Amino acid sequence: MAANRTFPLTIICLVLIRSSITQPGSNPTGPLTSHMPTSKDLDLPPDEYYDTETEPSTVSPKSASPNGSGSMRRCDYNPCKENQPSCSELSAANHCLCPGSTSYLVKPEAPYLKTVAWNGSDVVIHWCAPFSYVTAYSVTVGGKEKQRFGRERRSGGAGPIENVSEVCVVALNDVGDSKASCMMYQPKDHSLPLKAGLIGGALGLLLLLLLAVLLWRRRRQRKLQANIAMRDTAET
């Protein structure tokens with residue numbers, strides 16, 4: 001009787017133990033195995049997509065000018081040309097490059113005096129502008145200022161100069177004056193053409209007088225010869 005009671009209990013215990021070991025959702029027919037995710041499961045790109053031997057290339061940006069060209073051109077600016085815009089104005093208008101220029105906060109560099117010459121009534125000088133901020137130009141003769149011109153001028157008259165003198169041009173701005181660019185002017189004797197004309201006129205007048213005297217003597221000689229011939233014929 002006791003053996004019949006323990007048998008059902010044993011079966012119940014075995015069933016409970018089996019049910020506790022078997023988890024819901026597991027495969028009861030085979031052993032548990034770990035599943036590693038593959039590239040297909042993770043939806044990754046294939047191996048050919050990665051190129052470990054090629055380094056990423058870098059492209060250096062090219063400097064481009066506002067007008068679209070690869071490099072900016074120099075401004076068409078001649079420092080010896082008169083009545084033209086300043087190089088900074090040309091650069092702003094045409095997007096071009098200017099040579100280096102000094103600031104308006106310092107004295108200007110010296111201009112370049114090109115020529116000093118007599119034009120028939122006045123001594124005229126020509127100069128080139130410095131690459132500096134300039135408000136005016138001063139022309140001096142023998143250390144004394146003769147004329148003052150605007151910043152756009154590159155030539156001007158210094159008046160008549162009778163003696164050997166040093167002619168200079170100086171650039172000016174609000175800070176001060178530049179160093180002077182100078183030349184020695186040697187005046188020529190402008191009375192020589194007048195003297196030559198007077199001498200030539202006098203020689204011409206003498207020649208005319210000589211021709212007149214020769215013609216008068218020749219006519220007188222012919223007249224005398226004619227009178228002698230008429231007297232001879234009368235006597236015969």
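Student: How many helices and strands does the secondary structure of the chain come to?

Tutor: Four helices and seven strands. This is a predicted model. From the N terminus, the elements run α-α-α-β-β-β-β-β-β-β-α.

Student: Why is the pair of Y104 and Y133 called edge-to-face?

Tutor: Start with the distance. The ring centres of Y104 and Y133 are 6.1 Å apart, and rings pair if their centres lie within 6.5 Å. Now the angle. The planes of Y104 and Y133 stand at 70°, and over 60 degrees counts as edge-to-face. So the pair of Y104 and Y133 is edge-to-face.

Student: What makes this pair a tie between parts of the chain?

Tutor: Y104 lies in the loop between α3 (87-94) and β1 (112-118). Y133 lies in the loop between β2 (123-128) and β3 (136-141). The parts are 29 residues apart in sequence, so the pair ties them together.

Student: Are Y104 and Y133 exposed or partly exposed?

Tutor: Y104 has a relative accessible area of 53%. Exposed means over 50%, so Y104 is exposed. Y133 has 32%. That value falls between 20% and 50%, so Y133 is partly exposed.

Student: Why is the pair of W127 and Y137 called tilted?

Tutor: The centres of the W127 and Y137 rings are 5.4 Å apart, with the planes at 50°. Stacked needs under 30 degrees and edge-to-face over 60. W127 sits in strand β2 and Y137 in strand β3, ten residues apart.

Student: How do you know that W127 and Y137 are buried?

Tutor: Buried means under 20% relative accessible area. W127 has 0%, and Y137 has 1%. So both W127 and Y137 are buried. Ring pairs also link W127 and Y137 with F149 into a cluster.

Student: Which residues touch the most other members of the largest nonpolar core?

Tutor: V116, I125, W127, Y137, V139 and V167 do, in a core of 22 residues. At least two residues of this core come from each of α3, β1, β2, β3 and β6 (165-172). Leaving aside neighbours within four places in sequence, the contacts of V139 include I125, W127, F149 and V167.

Student: What volume does the largest pocket have, and what lines the pocket?

Tutor: About 460 Å³ of space lies in the largest pocket. It is lined by 21 residues, and Y77, S86, C87, S88 and S132 are the closest to its centre. By class, the lining has eleven nonpolar, six polar and four charged residues. The element that gives the most to this lining is α3, with three residues.

Student: What makes the phi of N83 worth a look?

Tutor: Most residues other than glycine have a negative phi. N83 is not a glycine, yet its phi is positive, about 55°. N83 lies in the loop between α2 (39-42) and α3. Its relative accessible area is 55%, over the 50% cut-off, so N83 is exposed.

Student: Where is H95 found, and what is its phi?

Tutor: H95 is found in the loop between α3 and β1. Its phi is near 55°, a positive value in a residue other than glycine. H95 has a relative accessible area of 40%. That lies between 20% and 50%, so H95 is partly exposed.

Note on methods: Residues numbered from 1 in each chain as written. Predicted model: local features only at pLDDT ≥ 70, side-chain atom pairs only at ≥ 80, totals over all residues. Heavy atoms only, no water. Phe/Tyr/Trp six-rings, centres within 6.5 Å; stacked < 30°, edge-to-face > 60°. Buried < 20%, exposed > 50% of the residue type's maximum accessible area, 1.4 Å probe, protein only. Core = buried A, V, L, I, M, F, W, Y, C linked by side-chain atoms within 4.5 Å. Contact = heavy atoms within 4.5 Å. 1 Å grid on protein atoms, 1.4 Å probe; cavity = no way out; pocket = protein on both sides within 12 Å on 5 of 7 lines; lining within 4 Å. Points joined across faces, edges and corners; volume = space filled by probe spheres on them. Nonpolar A, V, L, I, M, F, W, Y, C, P; charged D, E, K, R; others polar.
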